[in-house]
Amino acid sequence: MTHPTDGVTKPSWERVRLDGTGQPVAAPAIKKWYDAGTVDTKGLGNGRVKLTTHSGVELMERRPLPNGHVLDGYHSAAGVGSFGRFNQRGVWTEFDGAGTVVGSGTRHWGESGRSWFDVTGHTGTRVRHYQELPDGGHVLADVGHRPFSQSFSGDTRWTRFDSEFKKVAEGDRTWGPGRGFTDHLPHPETGVRVVAQEKSGRFNWSVDDVRRLHQTEFGADGVPKKDYTSWSAHGKENGRGVTLKDGGFLDSTRFAEQRPPRVFRWMMSPEYRAANLDHVPWLAKDGRLQMHTWTETGAGGVTHGVRFVSNNGTITDISRAGDLVRETRKPLDGKAVTTGDVAMPDGVAKQNGYLPWKQGDDGLKGHRTYQATDFDTTNLPTGVNAGDIRWQERFTNDLGDGNWYTPNAGKQWHVARMGLADGSVVDFRPPPGAAGREGRMGAGNDWTRYDHHGLVLSRQDTFPDPAGGANGIRITSQGMLDGTVRWSDGAGGGGIRRLNHHRGEVTPWGWDRESFQDFDAAGALVRDHRLLADGTVVDAWKNPAANTWHWNKIGADGEIKGFGNGVGDRVRQWFDRNGTRLPDFQPGAVFRDLDNNAGHIVQEIPVRPATTPHFQDSPYRVREYVQTPGGVHNPHVWKEYDNGIELGRKVELPDGSFLESEDWHKQWRRFGADGSSMIDERTIPGYVWHRDTFGRTTLTGRETNFTGILSEYRGFNRMWREPNRWEWGHTAGGVSTYTSFPYKAGQALAVDLIQEWLLDFGMNLAVYGIVAAATGTPFGWNEVGKAAFGATVGAGVKGAFSLGHFATFRGGPWKTGLSQVDQGNPYARRPNDDSWTAEFAGNEKVTRWRSGTYDWGVGLMTGAVSGFVTAAASSAIFGIKDANGNTVHLHGSDALLAGAVGMAGGVAGAVSLGVARTAMIQNFGGRFYHRGGVFDTFAVAGLGKLVDKTFANLYLSSTLQKQVFPGHDFYTGEQQNEQNGEPK
């Protein structure tokens with residue numbers, strides 16, 4: 001183990017193997033994946049050592065136990081070299097103070113990835129339980145029982161540790177049903193029983209409490225505080241109690257996990273009905289918001305209100321009186337702006353009409369004024385009038401007295417941002433130039449106007465003069481959410497602006513809120529603005545006289561990164577997707593930004609590798625090789641950006657190999673010293689494979705938790721049914737490409753069709769058997785044929801609809817768009833960022849109401865179509881039973897009428913029993929049971945089909961036949977007396 005002292009290099013470890021004489025065996029230059037990595041120093045001062053692989057996943061941990069023993073734990077059997085397909089669980093060993101082994105077994109992780117049980121190998125007894133807490137600490141508790149007796153056992157002991165593994169408190173645990181527990185202790189000062197942490201079990205009357213985790217916060221002295229945090233099973237905050245900076249206490253509770261429509265909020269929340277939202281109509285009328293209720297207790301009494309969370313994470317607290325009392329928003333540079341709950345300067349009191357604000361932990365501070373007499377109305381942004389202003393957040397550089405808050409008229413105040421009557425906010429930015437400047441309202445500054453979800457409404461940006469002049473040009477664009485977007489330079493120039501917020505306009509499958517391209521009146525590209533991450537952008541522009549392109553990389557503070565000896569060295573070249581150099585931009589072109597002085601590429605959108613199959617995905621992502629001037633260029637070391645974040649990277653490891661990784665699905669690949677020969681890889685499910693020099697692959701380990709065979713089925717089932725996942729395919733030049741969408745869509749269709757056919761066939765047989773028993777009619781091969789035919793038609797119709805969705809912008813703009821809104825993203829966002837642990841095989845998200853309603857509507861249509869086809873064709877092929885139990889084959893219009901009855905039956909069933917069943921399933925799935933698992937796929941869906949089909953066959957079809965076609969004789973076709981499929 002190596003622990004460098006330079007403060008930069010991470011501590012590392014390497015496995016040393018010994019020969020028969022106890023001497024170290026020389027290790028190869030490039031180590032095996034599980035033979036080297038880094039050291040996590042968290043808790044090192046308290047005796048805890050954690051070794052991780054180079055991907056950051058735990059390999060093993062050694063830690064002290066409350067009883068004085070030492071516990072070694074390995075994340076999977078790969079850590080001890082015994083990993084196999086049927087031996088995937090982690091292992092543990094407990095040592096006493098003398099180093100004697102006193103216990104060992106396997107480690108059983110929960111689906112959340114935040115808890116585990118250590119289980120003895122010979123008895124299956126749970127020895128201890130680990131639970132991660134919201135504050136980064138954890139709890140260790142004794143168990144001493146098997147799973148079925150655990151809930152009925154007596155109290156055991158628990159010990160809580162902070163994030164540095166320092167002991168915080170201890171007490172007794174009372175176990176409850178469904179893995180629930182309550183940890184309590186006597187208050188150190190009062191002796192009153194205090195709940196330190198509590199987890200609700202799987203069996204709970206309230207859907208909001210299923211597997212909920214509550215944590216009481218403790219001070220450094222081990223005394224419980226009033227503050228607390230509550231987590232849902234998915235690791236999302238659904239309740240919080242926090243002491244405010246002014247000494248008050250704030251209780252907040254999430255109203256609903258989903259983003260309900262306004263009418264639902266009004267019906268179900270008394271607090272929402274009591275709040276005066278006249279001053280914030282953009283919040284009152286928006287159904288895309290998540291809502292909480294809150295109560296503040298302070299020196300001025302008790303105040304109630306509601307909290308709204310926007311799609312970009314902005315949190316706004318509104319009191320019942322309609323006052324905005326707190327707000328947190330995250331601007332482009334990622335440093336959160338907090339308004340209201342901010343510690344005041346020493347000796348300074350708050351004033352009415354002025355809320356304190358700060359940006360980040362060490363950034364600007366000031367006050368938000370609602371006083372119109374304070375408003376600066378000079379140099380207002382385009383499209384903003386003085387009467388539109390509702391508040392301004394101001395700061396001063398005159399801090400000789402240390403008072404950044406009090407609105408002293410003797411100080412000069414600058415406007416950092418301002419809020420307008422429609423709920424939009426204007427953020428001011430310094431124009432590109434030198435480092436270390438603040439954004440402020442003024443004639444020479446840039447700005448962006450955002451709506452309350454963080455989408456750009458209008459903006460002004462300063463670009464260099466295309467002709468090379470000393471003065472920049474200011475480009476303004478308004479109405480950027482209103483259809484066709486245009487730009488203007490204020491001097492008669494203008495044209496069309498295409499936004500990366502509108503999918504497909506700038507990049508085919510990428511998305512972010514900020515990037516855009518400007519085209520002149522002739523349709524030629526003249527400017528390109530690309531967001532990387534944390535406010536860093538790359539601007540490029542065309543010099544029309546020389547027909548050349550140049551670029552600047554600009555930091556969040558407006559600093560132009562000094563690559564080369566000026567703009568002349570910063571040259572952009574355009575290429576088509578096959579790598580052919582273009583004289584200028586063309587639709588679908590990619591770029592390469594050069595530093596001609598250094599002679600290398602700084603960033604690019606790479607050309608499509610020559611060996612890439614025709615249908616293979618190749619997203620247009622900016623790949624950055626050199627982040628800052630003077631950086632070393634290596635074609636095998638880079639970062640990639642998408643969605644305004646650093647999404648992927650390739651780094652050089654200490655042994656000279658290279659590791660490529662991405663953050664959405666957690667895939668990685670390791671390449672040899674040449675940067676191109678793949679030697680290890682991790683797939684989406686977390687399996688680690690090694691490839692030898694002959695191209696043979698061997699399973700060597702796993703980085704996700706094995707939680708049982710049923711979870712494996714659920715994970716693969718849900719992963720294969722997600723065609724928009726970014727799954728890696730082959731490699732080209734040491735870079736991973738992506739599997740084709742048709743291949744993934746084919747997987748999804750195949751899984752869906754097979755499951756649907758098996759389920760439908762089985763339920764059809766069961767229903768025909770029930771009907772035969774109830775009516776006294778025979779059940780034979782004819783019914784088996786009808787069941788198979790109906791299942792084939794039903795699966796085929798559903799598959800056809802799914803195929804139509806996949807063929808329409810990869811999932812349909814409605815289905816995928818509504819799903820994105822349900823998840824708190826803009827409608828136009830399309831990427832899928834689900835991972836094995838967080839979604840596919842973990843505690844998945846509950847079905848949201850928009851996408852759930854859409855799915856129900858699609859089910860209604862597919863049911864109607866399949867009902868018509870099945871009933872019409874089946875009545876002609878297999879016949880139907882008349883009142884005497886005879887089989888009658890229908891033809892022509894009679895068969896079509898039978899189909900109409902079948903279609904009507906499908907619709908009627910969907911809007912009667914189907915609505916109630918769908919509502920119940922979509923509220924229970926993801927809470928009481930996992931979506932996409934064996935139980936959901938076969939038991940829940942099978943029971944639903946059984947109820948629907950039985951209801952339709954025994955009652956609905958005959959009733960509809962009489963009501964819709966009164967007096968019509970369906971039995972005029974050829975009659976054939978049959979018994980069990982054969983003539984009598």
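A: Let's start with the lining: 15 residues surround the second largest cavity, and those nearest its centre are Asn 500, Asp 512, Tyr 620, Val 622 and Tyr 641. Keep in mind that this is a predicted model. Two elements give two or more residues each to that lining, namely strand 35 (525-531) and strand 43 (638-642). By class, the lining of the second largest cavity splits into 6 nonpolar, 5 polar and 4 charged residues.

For context, the count is 9 cavities of 30 Å³ or more. The largest cavity has a volume of about 250 Å³. It has 22 lining residues, and Ser 112, Ser 115, Gln 131, Lys 199 and Arg 211 are the closest to its centre. Strand 7 (101-109), strand 8 (115-120) and strand 9 (126-132) are the elements that give two or more residues to this lining, with strand 8 giving the most, at 3 residues.

Helix 10 (residues 849-877) and helix 11 (residues 892-910) have axes that come within 7 Å and cross at roughly 155°. These two helices are therefore roughly antiparallel to each other, and their crossing is right-handed. On the helix 10 side the contact includes Trp 856, Leu 860, Gly 867 and Phe 868, while among the helix 11 partners are Leu 896, Gly 899, Gly 902 and Met 903. This contact divides into 13 nonpolar and 4 polar residues, with no charged ones.

Helix 10 also packs with helix 7 (residues 781-807), at an angle of about 140° and with the axes 9 Å apart. That angle makes helix 7 oblique to helix 10. Here too the crossing is right-handed. Helix 7 brings residues including Lys 786, Phe 789, Val 793, Lys 798 and His 805, and helix 10 meets them with a set that includes Tyr 854, Met 861, Val 865, Thr 870 and Ile 877. By class, the helix 7 contact with helix 10 has 11 nonpolar, 7 polar and 2 charged residues.

Conventions. Residues numbered from 1 in each chain as written. Predicted model: local features only at pLDDT ≥ 70, side-chain atom pairs only at ≥ 80, totals over all residues. Heavy atoms only, no water. Axes fitted to C-alpha atoms, helices over the stretch in contact; angles between N-to-C directions. Helix = DSSP H or I, 4+ residues; strand = E, 2+ residues; numbered from the N terminus. Parallel < 35°, antiparallel > 145°, perpendicular 65-115°, else oblique. Left-handed = near helix turned anticlockwise from the far one by under 90°. Contact = heavy atoms within 4.5 Å. Nonpolar A, V, L, I, M, F, W, Y, C, P; charged D, E, K, R; others polar. 1 Å grid on protein atoms, 1.4 Å probe; cavity = no way out; pocket = protein on both sides within 12 Å on 5 of 7 lines; lining within 4 Å. Points joined across faces, edges and corners; volume = space filled by probe spheres on them.
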